[in-house]
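Thanks for asking me to look this one over.

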Amino acid sequence: MSTSREANMETGATRDWAWELRKNSQLATPQDTARGLFFTSMLDSIRGLGNEVAVARCQKVLEGHTFVPFFSYPIPLLVRLTEAAMRELSGQYGGPENAARALGRKATADFMASAVGNAVRLMAGKDIKLLTGSVQTLYRMATSYGERRLEWLGEKSGRLLMRRTFLPVPYHEGVVEGLVTQYGARNVKVRGQQTAPLDSEYDFSWE
């Protein structure tokens, strides 16, 4: 039997992202980690608005942790920070979904600007399909969990399937958009949908 929140999702009502993210966090194991870069990227997004009160509220959920970009930290911490960041940025971005997409785009930009991201970009050269085809490698460098598989649907369209991932669909829409635009693709469109509690897929295209 569906809960009221699940029923709301089925009828297209406003999603309760806080509830969903807390459910995702409960499914994590101690082996599920993400790089510190993603924590610092989110905090930088909030700080960029010039709102130190919002930064302080987000840091509060981190229980005093500080982060080194390529050290690994428990994914429940990142899930809690994402929930807080979506709430704090919602007003500026016109809703929590848009806030999550912005966070995803920034995380991709920050990762690709790192030494590891630059190495991947150099290996891919100027071929956008080589870059996006390396998505599993990129995620493996960034996180310890999940599987990703990319299928090409056309010359400028594809589908990314993600298994066992903890952050919300709009966040990963932003990640995919950010990845594809790294090589100058224009009018990138990404549409994601959840297929299971921790699984999702993303259709994307560009001009």
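1. Let me start with Arg164, which sits in the loop between β4 (157-163) and α10 (169-181). Please keep in mind throughout that this is a predicted model. Arg164 is not a glycine, yet its phi is positive, at about 60°. With a relative accessible area of 27%, Arg164 counts as partly exposed.

2. You will find Glu63 in the loop between α4 and β2 (72-74). Is Glu63 buried or exposed? Its relative accessibility is 57%, and the cut-off for exposed is over 50%, so Glu63 counts as exposed.

3. Next comes helix α4, which spans residues 52-60 and has Ala54, Val55 and Cys58 as its buried residues. Why are these on the same side of α4? They cover an arc of only 100° around the axis, and that puts them on one side of the helix. The face of α4 turned away from the buried side carries Val53 and Lys60, which are exposed. The cover over the buried residues of α4 includes α3 (36-47) and α5 (75-93).

4. On the α3 side, the contact is made by Leu43, Ile46 and Arg47, while α4 brings in Glu52, Ala54, Val55, Cys58 and Gln59. Sorted by class, the contact of α3 with α4 has five nonpolar residues, one polar and two charged.

5. Gly117, Val120 and Ala124 are buried in α7. Seen down the axis of α7, these buried residues fall within an arc of 60°, so they line one face of the helix. Ala115, Leu122 and Met123 are exposed on the other side of α7. Among the elements covering the buried residues of α7 are α6 (96-113), α8 (128-133) and α9 (135-142).

6. How do α6 and α7 pack against each other, in terms of angle and axes? The angle is about 80° and the axes are 4 Å apart. That makes α6 roughly perpendicular to α7. From α6, the residues Phe111, Met112 and Ala113 meet Ala115, Val116, Gly117, Asn118 and Arg121 of α7. This contact of α6 with α7 divides into five nonpolar residues, two polar and one charged.

7. Helices α2 and α5 make another pair to inspect. They pack at an angle of about 175°, with 9 Å between their axes. The two helices are therefore roughly antiparallel to each other. Trp17, Ala18, Leu21, Arg22 and Ser25 are the α2 residues here, and they meet Pro76, Val79, Thr82, Glu83 and Met86 of α5. By class, the contact of α2 with α5 has six nonpolar, two polar and two charged residues.

8. What does Leu78 touch, leaving aside neighbours within four places in sequence? Leu78 is in contact with Ala34, Phe38, Phe39, Met42 and Leu167.

9. My last point concerns Asp16, in the loop between α1 (4-10) and α2 (17-26). Asp16 is partly exposed, with a relative accessible area of 29%. How far apart are Asp16 and Tyr171, in sequence and in space? They are separated by 155 residues in sequence and by 15 Å from C-alpha to C-alpha.

Definitions and conventions: Residues numbered from 1 in each chain as written. Predicted model: local features only at pLDDT ≥ 70, side-chain atom pairs only at ≥ 80, totals over all residues. Heavy atoms only, no water. Buried < 20%, exposed > 50% of the residue type's maximum accessible area, 1.4 Å probe, protein only. Arc of directions from axis to C-beta. Contact = heavy atoms within 4.5 Å. Axes fitted to C-alpha atoms, helices over the stretch in contact; angles between N-to-C directions. Parallel < 35°, antiparallel > 145°, perpendicular 65-115°, else oblique. Nonpolar A, V, L, I, M, F, W, Y, C, P; charged D, E, K, R; others polar.
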